[in-house]
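Reader: I'd like to take a close look at just one part of this model. Could you walk me through it slowly?

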Amino acid sequence: TLTEMAIITIVELRLKYQSKFDNSSDKNSAAWEHIHDDYMKKVSDHTLAESDSLTSAQLQRRLGLEYGEYKLWCAVANRAVNLSGVSADDVEEQVRACR
């Protein structure tokens, strides 16, 4: 299990390197190396817990898991707004996705 800060860091780093993924001259594996290096620096400087240490492949899988859960939540939230009358302003408070 990862700490909440570790999950937030993975997502932030992936967004930080979006331009490398969009750039056709860079390979995705090189971008993931940068993400992994930055992530492990946060583990080594104790910004993240030692138990949050991951390999590059584990980082990629975890981001995939979080992204999948986010897309499911978005689908539930959109249905709630469109079909149940939940206001878009209140959707974050009123819609919970099972984890």
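Reader: Which residue just after α3 takes a positive phi? And while you're there, what does α3 itself look like?

Author: Happy to! Keep in mind that this is a predicted model. The residue you're after is H46, with a positive phi of about 65 degrees, just after α3.

Now for the helix itself. α3 runs over residues 28-44, which makes 17 residues. From its first C-alpha to its last it reaches 24 Å, close to the 24 Å expected at 1.5 Å a residue.

Next, look at which side chains are tucked away. A31, W32, I35, H36, D38, Y39 and V43 are buried in α3. If you look down the axis of α3, these buried residues fall within an arc of 165 degrees, so they line one face of the helix. Here's the general idea behind that: an α-helix has 3.6 residues a turn, so residues three or four places apart point the same way. Turn to the other side of α3 and you'll find E33, K41 and S44, which are exposed.

So what sits over the buried face? The cover on the buried residues of α3 includes α1 (4-16), α2 (18-22) and α4 (56-83).

Key:
Residues numbered from 1 in each chain as written. Predicted model: local features only at pLDDT ≥ 70, side-chain atom pairs only at ≥ 80, totals over all residues. Heavy atoms only, no water. Helix = DSSP H or I, 4+ residues; strand = E, 2+ residues; numbered from the N terminus. Expected span 1.5 Å × (residues − 1). Buried < 20%, exposed > 50% of the residue type's maximum accessible area, 1.4 Å probe, protein only. Arc of directions from axis to C-beta. Contact = heavy atoms within 4.5 Å.
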